[in-house]
Every structure is written in C-alpha cells, then in structure tokens.
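Hi,

Here is the structure I said I would pass on. Have a look at it, and then read on for what I found.

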Amino acid sequence: MRKIWDIHGGVHPTENKTQSLSEPILQAAIPPYLYVPLSQHIGAAAKPIVKVGDKVLKGQTIADTSAAVSVPVHAPSSGTVFAIENKTVPHPSGIDDLCIVIETDGLDQWRERKARQNFNLFTDDELLSIIRNAGIAGMGGAGFPAAIKLKSSDSKPINTLIMNGTECEPYITADHSLMLEKANDIATGLAILAKIIKPKTILFGIEDNKLDVVNGIEAALNRIDFSTHSGCTTDVRVVTFPTKYPSGGEKQLIEILTGKQVPSRGLPADIGIVCHNIGTAVAIKDAVCLDQPLISRITTVTGEAVKRPRNYHVLIGTPVSFLLEESQYQADQNNRLIMGGPMMGFALADISAPIIKTSNCILAPTEAELPTPPPAQACIRCGMCAEACPASLLPQQLYWFSQGKELEKLEQHNIADCIECGACSYVCPSNIPLVQYYRASKTDIKQREIDHRNAELAKRRFDARQDRLIRLEQEKIAAKQARQAARKKANPPNNKPPAANASAANADTAATTDNTEREATVKAAIERAKIKKATHSKTTDDPVARAQAKREAQLAQDQADPEAKLKRAVESAQQRMKKLQVKLVAAKDSGDPNVNILETGLEKAQSKLVSSQKALDDYKKASNSED
Amino acid sequence: MALMRVTSPHTHNRQTTGQVMQLVLLATLPGVLALTFVFGWGTLVNILLAVVFAIALEASALKLRKRPVKFYLNDYTAIVTAVLLAISLPPYSSWWVILVGIFFSIIVAKQLYGGLGYNPFNPAMVGYVALLISFPVAMTAWPAPIHLTPDTVTIPNLFDALLIALSVIERPMIDGFTMATPLDLVRQNDSLLLNDLINEYPQFGRWSGYGWEWANLGFLVGGLFLLQRKIFTWHTPVSMLLAIAIMSALFYDGGSSNSAGSPLFHLLGGATMFGAWFIATDPVSSAVSNKGRIIYGAGIGVLTFIIRKWGNYPDAVAFAVLLMNFSAPLIDHYTQTKPYGHSNIK
C-alpha cells in the first residue's frame, strides 16, 4: 500500500451515486438539432469556418482558432449548418453565446478518418497537435485545453502523472461508469500521456466508494508496459483513499497522493506534477488511435425528477431537454436544474441549453431532495466552515470582510486560494451562501485590479505627453540658441581667418536645414494633434472639455507661430485699453468711486500694450535678420 | 416552467443555528441538575424567569429594530444567553436582579450592537458583571448547600422558591442559609494551613467545594457532549483548563496558609467548568482560528486564576472572559491560518 495523506477539512454529503449506476452507459439518440457553442472552456472562443447551409460530416472541424489557449470545435454528427447565432449556453449567468446550429440528417456519417494503430510512430509534437486539433479540453470541470497542460517545459520537468478518477461530487457517476466500462481505453490514453510526459511515477487516484473499478483498471494497466512508452522506468500505481469531498479537486488530490501542496497561485507543474482526468485520457485515445475528435462525452442524468437516472454517451450540442426526455423527466416535480453536481454545479436558466465538453452531469432534483435554501441567519462565527475548508482558510472572516467590501483584508486572508468547493456553505448552520459572497468579492478584486491598471496606463500616457511637450519646447529653444550662436560665428566681431569663417557658414547652413526639417515634422505633428483635438471636441458634449481642447489647440498654434501669439497679445491689450477708456469716461460722468481703480487699470493696460508691442517688434526684427 | 436560479452548493447538511443552540441547552442539563440537587430549586427558578424576560426583551428589541421577531427568536440564542446568565446567578435571586441582568445581556450587550453575531462581548457575562458591580451584596449571597444547612432553616420548595424570587415572601437571610463559598474561604484565609482550613469548614468536599465539584463535573459532561457533537473545537476549553491547572500548580505553595488552592480545587471549583465549556466557547465573541483559540482560552485561564487569587470578586471567569473578548480581534490579527499552498511558496 502506498502512503496517502489527508487533506484539511472536507465534508461528507450523501453520495447518491447508486441511482445512476443501476444501468450501463446508453448511447443517446441523435437530436434533430445540435447547438454547438464556440466557447466551451477557459480561453478564447473558436471562429466558425463553415457557412449557413454548408453540409458537414461528423467530426468535421466547424470552428477553429489560432489563439494559444483554445481548441477547435467539430461537428458532432453529419447534417447541415442551420444557423450560426446566439443561443442559450450552459453558463452560471444564463447568457447567450454564439453557437453553430446543425440540423442533423440522421446518417451520422463520418468524415474520412485515419486510424493510427501505433502511436509510438509519432513524435510528441505530432501527438500534441493531434490532441489540440481534436478539440480536447479537460473533461474534469474547468476544461483547460489538454495540449497546453501536456506541453513540456525544460524548466519544469514532470516526475509524476496523476490520473484523476476521484469524482468526489455526489450524484455524478460519469467517470465511475467510464472506469467500469472503458478501462482499456483509459489505459491506452494513459500510455499516450506517458509517452508525451515521460513521468517516473503514474498515480491513478480512486476514492474508496468506487472499489468495484479497481480490479478492472489494474488489469488494464498491467496489459501495458508504460516504461517502453515513456522511455524511462515508470512506476504505475492505483491508489485508493477514503471518500471525502472535495478530494477530487486537483490540488487536493495532489496532496492526498503525494503529500505535496501546489504553491498558491502556482501550477502543479511547479512541483513536477501534472494531473489529468480519466475522461481526458479516453478522449486522447479516441483522437490519437481512431482519429475521432472530441464530439461526445459521458453525462450522468440523475435526480428524483427523472424516472430513469443513468449515464449517457451523448453528442456535444445535444439540448439538455432532449436528454431529459430520454430519462423520463418529470418537469412538474423538478425545482431546479443543475449542470454538474450539487456542490459545485450551477443552476441552468434554460432547459434548452446544450451539453458541452465539460458537462459531466445533469441533476434534476425534487424539492424534497434539494430543498430551497432557507433565508440566511446571522453568522455566529461558530467556525464549522473553517473546520470544513479544504484550503485551510477562515471562511467566517472572509464573509465578514466580503460584507464590508474590505478588499485588502480579503486579499490578506487569501481569498484567492478559495477553490469555491462549497464545503463552508454546506456546513454553515446559519445557511449563509458563503461561496456566493466569495465569488462576488473575487470579481470586485479583479475589477479593482483592472481599474488600477487602467489608471496606471492613463497616468503613464499623461506623463509621456507632458514629457513630449517639454522636450519639443526644449528642442525649439536649443534650435534657436544654435541659430543665434551660428549667426554670431557668421558675423564675428573681429577678423578671423577666412577658412574658419567658411566652415562656420557651412555648419550654419547644415544646422538650418536640419532645423527646418525638424520644424516641419513638429508642425505636422501639431497639425495632426489639432485635427484630433477638433474632432474630439466635436464629439464631446462637455463644455469644459471643449474649452480645454480649444485652449490646447490655441497653445499648439502659438507654438507653431509665435508671431501670431504676439500679435494677438497686442490686439487684446488694445481692446482692453479701449474698453477701460470707455468705462473710465462713464465712471467719471456718474461720479463713481471706482474711478481711481479704473485709472490704475488703464495705466497697467497701457504699459502692457507698450511691452507687447515691443515684444512683437523684437520678434519681427529677429526673424527678419534670421531670414 | 420556472427553474430556481441559485448558486452552488445546492445541498446542505441541514444543521441549523437553532439546532446548535438547542444542543447547548441540552448540554447544560447535567450541570443544572447538579446545581439544583446541591443548592435547591433556586437555579431552576432563575432559569425560568431569565428565559421569560429574555424572550420578552429580545422580541421587543427586534420589534423596535423592525426585524422579523419569530425568525430571530427561532435561533434560540436569547434563550441560551438567559440560561447561561441564570446559571451564573446565585440561586434565589430576586426577579429584578434577573431582569436587570437580562436587560444588560440582551439589550445592551447584544441588540444595541446589532443583534446576534455582532456582539463583541459575551452577552451573559456582560449581564453578570453589570449585576456584580451594581448589586454586590445580592450577587455574593450564595446559599449554602442543602446538606450543610442547619435543621432550623427550612429549605424552600419549588413554589416558595418562585415566591422568593418574585419578592412575595422574604428570602431567609439568617446565617446558615447563605455561606461563604470555598473560593472565598481560600482567598480570605491567611492563618490556617490549607488542610486545616479544609477540615474546619464543611463547605469543602472531596476535591473542591462541597457540591461545587458535582456541578463542575456536570458541566464537564455537558461540554464533552458538545465537543463530541462538534459544536466547538477542543482548543478554547482545553487551553483554558490547562492554563488554570498550570497556574494553580505554580501557586499551590505546598498547601501553606498562603496557598491559592490545589489544581483540582480550581478545576472543579467555582465556575471553572461552566466557564470553560459554556462561556469561553461562545463563538461570536471569541477568536476564530484554532491557534487563536488556544491563546484566547489560555488567556481566560490565566486571568481567571489571577483574579481569583489577587482580586476581590467571588469568581473571576466573567471578568477573564470579557477581558479576552477585548483581545479577540487582536489575537485574530496575529493568528491567521496558513492556507493550502502557502507553506512552500518561495
């Protein structure tokens, strides 16, 4: 017996697994329409490569992508592309998303397939591209593209490959039935994984409520010589451990089987481990050996509102309603429809949502089975949640801080390490939907990070603009000084040797051309900025912004043409003087006590006019001599 | 068809706060029975009146705060507070003593702070301390154990006990009906060797105070029952008891006239077990992490002993608990748990 470790916390909800295991896996019928979402997992959505009206064959790629974290999508059966439009997809928010709707023809006609008898003939890269192109995303839950997880990295060598056959969620038996019925396929898939990963150890983790599969799995594994495939001595073990939720979480399973913890915010690869679900192994086997992409999966349909709970081998895109019909669904007795298990699954908004690559269970419970949660009572900080938390967090504190939106405190208390398993809510005697608070808080934290980033970016842009303006100003001053210096050299007060004079003149010409060129670019840039400003001010309704834009445009113009600025100064001084004179006359007539003030103002305006006139003359002289 | 839209988890282990509180009430039974057996009907009458007052005050406070009365009364926490306070009060306390105590517990310590879950201090202990400071005479008049009462004093029956509490008939205040408690005797002693003291006064029993030891054992049994039902973890009560044992062992002094009493005397004397299993374990006002609870419990134990030995009050658990209630947020700040994946972060 290999040593196993215990994880902190965990709960023991009623398993309810026998109901759906009473019958073998049944091949579900082909529905008249398949709704295939383009985004079925973490990462980017694929883009359709078929048009409405196109004939498609089973297994044909219908949407593809070049994004790194993404996989293509294939037609689950043959037929015609009926529509490419937004449809209800299985998502906690109940949103619509782009789906390719295929009207099936019932022929279920495959595209051309090339069976690969011996996968050892292929290089790892070829195998990885086969796996990616087969659209395989993790079948365990999150649906992370499998090929990415398999890509080796020299900095993080993998010693241990873990097969996850835990299936710790109550009710779900998709993996259980797969292990019962397809042990050999799992073993072959595992051999392909071993060839790519080359692990020293393979651990096949199974909870001890599924001991009936152990013999079959061990026999299947024994038929394969893993060391030949991996090219090194590989030790393969089936490890059983006590049933406890959430032992099947990747991090939890790793600790149970190896005693190691995945570093917070890290990946299992950081400690030399990679973990794959058994469903993924079967999908990889189908893709590599049979050239069949991921177009179907095993889904458990269970709950007291269906008369025939069982497991189905079902095409991706099959509407949940269609599958429920096959299980004799009693809609009037059903209180909520859950995709996934009762601990982490989400309630479906619409019964027509399709089965996707990660849909391991459809749970249709009655009210008596999973009652409507009673209203939450006050938290008495009893600490049962902390005892149940598999991440060793303090859920009662997180709840307290979530209520107060104390995001810093939440981060200090490591809310990021919450895996949202629901164990805390499960034990809470006050019926507080704790996980819901954590989800909301995590979103708040994410939003705040985005806001911070945007603010930081805006600040950087602003600073860069300021720097640029200062630089342009300095360049102008420098150019002016250079010109003046050159002029002085060109007209030296005393006699210099003519040769030196000539070279100075040459340098002067060179400098001038240089400057004119630079000035031209600057002017063009300013012109562009002005146009941008102008269009911008047109689009904005904010008078302040408009005024600012106008002022900035004015400034830009002034920089381009200092003479105009000076002229304007003279004009405005003249205007001001005129106004003041009129006012003064009026004040004198009416005997206003402000006469003195107006007189001083007039004097000031006069001196201003004189000085601005002088500045203008100076500038004109300077530019004339320059020319 | 309207499908319910709720977030996971969809299943629950179906234990409610109300049920937890009912278990706590059930667990007080052995101790309450022992108290009744030793000191007469007074404790039961205390409980009866306290519960009635607590429900009335809680309901009116909820009404004033415009909260659903029945929903909150169903959590049983007001009743638990009332029972815990009633147990702490001397048997045959007057109705107005109980009413004032409950007022401080329910209205001041709980509802004014925002109700259940928001009270920084243990409500029962706030009520107790308010009474102790306000009415020291009434609060220190513990009746003598029935078996030590002279034959000249008639022990009130249940009905008389009720009438005494309601001030309809006078409480027998003659000597012999009330007696100094063993804790008082040990504290005030400065001339006798401990053994002589124990031999001279009948209030001492086999291990601790006569009768007190049985009440303490009763509360120990109740506490262990709650521990077995996982209502709380062992950390607070065990560390509190350990701290008391260690402190009393340090100051046992070999049984001299200066001795503070043996560890067993302290563990089974006064309100030790009641405090450890029913007061210190109040989750709302205590520290949250297991490490924090060890510190919290140990703090209560140490303070209890210090106040017993050098303080001026009959017992010290209430003050010790309130002082540690103050410290709980600080303890929480320094005793965060280390979550999964944080031990090996580089």
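First, the cut-off to keep in mind: a residue counts as buried if 20 or more other C-beta atoms lie within 10 Å of its own, with the C-beta atoms placed from the backbone. Also bear in mind that this is a predicted model.

With that cut-off, take helix 15 of chain B, where B:T272, B:M273, B:F274, B:G275, B:A276, B:W277, B:F278 and B:I279 are buried. That is eight of the eight residues of the helix (272-279), so helix 15 of chain B is largely enclosed by the rest of the structure. Two of its residues turn up again around B:V321: leaving aside neighbours within four places in sequence, B:V321 is in contact with B:G275 and B:I279, and also with B:N122, B:M125, B:A280 and B:I300.

B:V321 is itself part of the largest nonpolar core, which has 125 residues. B:A50, B:A54, B:A82, B:V83 and B:M125 join B:V321 as those with the most contacts inside that core. A second, separate core has 101 residues, including A:I130, A:M163, A:A187 and A:L203.

On to chain A as a whole. Its secondary structure comes to 18 helices and 17 strands. The radius of gyration is 37 Å, well over the 25 Å from the globule rule for 627 residues, so chain A is more spread out than a compact globule. The C-alpha trace of chain A spans about 110 × 70 × 55 Å along its principal axes, and 41% of the residues of chain A count as buried. Among contacts in chain A between residues at least 6 apart in sequence, 72% join residues at least 24 apart.

One sheet in chain A is worth a look. Four strands make an open sheet in the order 11-10-9-12, with parallel pairing. Strand 11 (235-241) and strand 12 (273-277) of chain A are the edges, each pairing on one side only. Neighbouring strands of this sheet are turned by 20° against each other on average, direction ignored. Strand 9 (160-165) and strand 12 of chain A pair over five bridges, and A:I162 stands opposite A:C275 in strand 12. Helix 4 (183-197) of chain A lies across strands 9, 10 (201-207) and 12, running at about 155° to strand 9.

Where the two chains meet, chain A brings 53 residues to the contact and chain B brings 35. On the side of chain A that touches chain B, helix 13 (423-427) is among the elements supplying at least two residues, as are strand 16 (346-347) and helix 14 (434-490). Helix 13 of chain A gives the most, with three residues. This side of chain A divides into 30 nonpolar, 18 polar and five charged residues.

Most residues other than glycine have a negative phi, and most peptide bonds are trans. Here are the exceptions I would check:

- A cis peptide bond joins A:Y245 and A:P246, with omega about 0°; A:P246 sits in the loop between strand 11 and helix 7 (250-258) of chain A.
- Another cis peptide bond joins B:S8 and B:P9, with omega about -5°; B:P9 is in the segment before helix 1 (17-27) of chain B.
- A:D108 has a positive phi, near 55°, and lies in the loop between strand 8 (96-104) and helix 1 (124-133) of chain A.
- B:K66 also has a positive phi, about 55°; with 7 C-beta neighbours inside 10 Å, B:K66 counts as exposed.

Cheers

Notes
Residues are numbered from 1 along each chain as its sequence is written. Chains are lettered from A and ligands numbered from 1 in the order in which they are written. This is a predicted model: local features need pLDDT of at least 70, side-chain atom pairs count only at pLDDT 80 or more; totals for chains, interfaces and linings use all residues. Two strands pair if DSSP finds at least two bridges between them. Axes are lines fitted to C-alpha atoms, for helices over the stretch in contact, and angles run from 0 to 180 degrees between N-to-C directions. Two residues are in contact if their C-beta atoms, placed from the backbone, lie within 7 Å. Ala, Val, Leu, Ile, Met, Phe, Trp, Tyr, Cys and Pro count as nonpolar, Asp, Glu, Lys and Arg as charged, and the others, Gly among them, as polar. A nonpolar core is a set of buried Ala, Val, Leu, Ile, Met, Phe, Trp, Tyr and Cys residues joined through C-beta atoms within 7 Å. A residue is buried if 20 or more other C-beta atoms lie within 10 Å of its own, exposed if 12 or fewer, and partly exposed in between; C-beta atoms are placed from the backbone. The radius of gyration is taken over C-alpha atoms; the globule rule is 2.2 Å times the number of residues to the power 0.38.
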